[in-house]
Amino acid sequence: MTRVFALLFAAAIVCASESARAEGTAKQFLELDAGDDGVALAEAKISSQEEGIRVVNAALPTGSKLYCQPATLVLTGTQLADMVRRAVTADEKLEDTAMSSVLLGVLEKTFPCVSSAH
């Protein structure tokens, strides 16, 4: 079962990298978010992406989760955009990366799954 999820996830990553131009890069997202007219659209986009990632993550078996965000924590579009902005500021190479990949990386780094095994 874990192999099936891994294959599905790998396929999703390949599709995401192929569609990076259609989806947009982190730099394009941040430019949209910085404009007065684009803030609402940028927040709606990042919230949608986060929801998709969250749904996939929730479907994974417990030991295979991509990240472990507390169930009671709901992040706003503003918070997600700020997290991405900070990540891109810390690593400029992320500017040209597909937005969903940057967002997933931010979520994985912010909410790592801690194993209880010693």
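1. Starting with Cys68: its relative accessibility comes out at 35%, so this residue counts as partly exposed. Keep in mind that we're looking at a predicted model. Cys113 lands in that class too, since its relative accessibility of 36% makes it partly exposed.

2. Those two cysteines are bonded to each other: Cys68 and Cys113 form a disulfide, with 1.9 Å between the sulfur atoms. The structure holds one disulfide. Distant parts of the chain get linked here, as Cys68 sits in the loop between α4 (39-59) and α5 (77-90), while Cys113 is in the segment after α6, 45 residues apart. As for handedness, the link of Cys68 and Cys113 is right-handed, with 95° about the S-S bond.

3. On to helix α6, residues 99-110. I checked the length: twelve residues at 1.5 Å a residue should span 16 Å, and the end C-alpha atoms are 16 Å apart, so the two agree. Its buried residues are Met99, Ser100, Val102, Leu103, Leu104, Val106 and Leu107.

4. Then there's the packing of α5 and α6. Their axes lie 10 Å apart, at an angle of about 95°. Angles of 65 to 115 degrees count as roughly perpendicular, and that is why α5 and α6 are described that way. From α5, the contact uses Leu80, Met83, Val84 and Ala87; from α6, Met99, Val102, Leu103, Val106, Leu107 and Thr110. By type, the residues in this contact of α5 with α6 are nine nonpolar and one polar, with no charged ones.

Note on methods
Residues are numbered from 1 along each chain as its sequence is written. This is a predicted model: local features need pLDDT of at least 70, side-chain atom pairs count only at pLDDT 80 or more; totals for chains, interfaces and linings use all residues. Side-chain values use heavy atoms; hydrogens and water are left out. Helices (H or I, at least four residues) and strands (E, at least two) are DSSP runs, numbered from the N terminus. The expected span of a helix is 1.5 Å times one less than its number of residues. Buried means under 20% relative accessible area, exposed over 50%, partly exposed in between (1.4 Å probe, protein chains only). A disulfide is a pair of cysteine sulfur atoms within 2.5 Å. Axes are lines fitted to C-alpha atoms, for helices over the stretch in contact, and angles run from 0 to 180 degrees between N-to-C directions. Angles under 35 degrees count as roughly parallel, over 145 as roughly antiparallel, 65 to 115 as roughly perpendicular and the rest as oblique. Contact means heavy atoms within 4.5 Å. Ala, Val, Leu, Ile, Met, Phe, Trp, Tyr, Cys and Pro count as nonpolar, Asp, Glu, Lys and Arg as charged, and the others, Gly among them, as polar.
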